[in-house]
Amino acid sequence: MSMKLKIGCHLSFSQGYVDMANTAIEINANTFAFFTRNPRGGSAKAIKREDVDSFLEMAERHDFAKLVAHSPYTLNACSADPSIRDFAIRTMSEDLERMEYTPNNYYNFHPGSHVKQGVEIGIDFICQMLNTVLKANQTTIVLLETMSGKGSEVGRTFEELKQIIDRVELNKKLGVCFDTCHVWDAGYDIVNNLDGVLEEFDKIIGIDRLKAIHLNDSKNPCSAHKDRHELIGMGHIGNDAIIRIINHPKLRDLPFILETPNNLDGYAKEIKFLRNNYNE
Ligand code: FE
Ligand code: FE
Ligand code: ZN
């Protein structure tokens, strides 16, 4: 079982960082994701200094990889409703302040849904938000998540993500989180042509921007634009492709986060399976 693979899953923030780290260690994870607040938004739990200090020590001792925090689903920077856009700006800037308690990690968000306004206007609003909330002195890298393209989601193509990155002044602070279920549903054939998809990513965005992977199987075929995650090996992506993904020279050193429909025991089994199939 290779501990060199950086892998974890989504954990609940409710009891704080030390609790998440203990859970991660129990299931043989060495990174994790968590929602910075209730996925539906609302106010965030207080951060306690002692909890953070003990966690930082644990993370060091257990050689944790970078964490991949996730913004709430309700965050929509490109809503047509100005009060929802304003909520997105306030939430992200507060989340980024909180992220500095645990420096040098990742904060992932969904670019948003433009809902009939068109992708150009959607991208304008997303860039306005990022140009407001990013700070030159932050240590957190903000990740744009690749989306499946259901409804009017922005970020369904590498080109859309590139347009956002190009128009953000502090884009040194931006990266991309590659969700395997989403890119597959968006129409990128990572099963039969992983090399080609990564070459396209490199040509359009630049492979250096790729910072984390959401590792999921998909309940639907390529190009379905659905976004329904499946257990590893049980969907249309399948074990062979997943194993090629975790071992690919351009991906193998990144943190992998499972977002499969699972309980903790199921995550432990997936982590074990993936570690056993990771080439040292
Ligand atoms: Fe996500
Ligand atoms: Fe995801
Ligand atoms: Zn998803």
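Select E1, helix H1 (residues 17–26) and E2 to begin: together they make a right-handed β-α-β unit. Helices (H or I, at least four residues) and strands (E, at least two) are DSSP runs, numbered from the N terminus. A crossover is called right-handed if, with the strands pointing away from the viewer, the path from the first strand over the helix to the second runs clockwise. The model is predicted: local features need pLDDT of at least 70, side-chain atom pairs count only at pLDDT 80 or more, and totals for chains, interfaces and linings use all residues. Residues are numbered from 1 along each chain as its sequence is written, chains are lettered from A and ligands numbered from 1 in the order in which they are written, and side-chain values use heavy atoms, with hydrogens and water left out.

Remain on strand E1 (residues 7–11). Five of its five residues are buried, so E1 is largely enclosed by the rest of the structure; buried means under 20% relative accessible area, exposed over 50%, and partly exposed in between (1.4 Å probe, protein chains only).

**The iron ion (ligand 1)**

Centre the view on the iron ion (ligand 1). Its coordinating residues are His70 (NE2), His110 (NE2) and Glu145 (OE), at 2.1 to 2.3 Å. Donors are N, O and S atoms within 2.8 Å of the metal (3.2 Å for Na, K and Ca); water is not among the atoms, so sites may look incomplete. The spacing of these donor residues in sequence is H-x39-H-x34-E. His110 lies in the loop between strand E4 (106–109) and helix H4 (119–133), while Glu145 belongs to strand E5 (residues 141–145), 35 residues apart. Both His110 and Glu145 are buried.

**The iron ion (ligand 2)**

Around ligand 2, select Glu145 (OE), Asp179 (OD), His214 (ND1) and Glu259 (OE), the protein donors, at 2.0 to 2.2 Å. The angles among the four donor atoms run from 83 to 173 degrees, and the site is irregular. Four donors count as tetrahedral if all angles lie between 85 and 135 degrees; four count as square planar and six as octahedral if opposite donors are over 155 degrees apart and all others between 65 and 115; anything else is irregular. Along the chain the donors follow E-x33-D-x34-H-x44-E. Asp179 sits in strand E6 and Glu259 in the loop between strand E10 (256–258) and helix H9 (264–276), 80 residues apart. Asp179 counts as buried at 0% relative accessibility; Glu259 is buried at 11%.

**Helix H4**

Now select H4. Its buried residues include Ile123, Phe125, Ile126 and Leu130. The buried residues of H4 pack (contact means heavy atoms within 4.5 Å) against helix H3 (82–99), E4, E5, helix H5 (158–166) and strand E6 (174–179).

**Ile204**

Finish at Ile204 in helix H7 (residues 194–204). Beyond its neighbours within four places in sequence, Ile204 is in contact with Phe158, Glu159 and Lys162.
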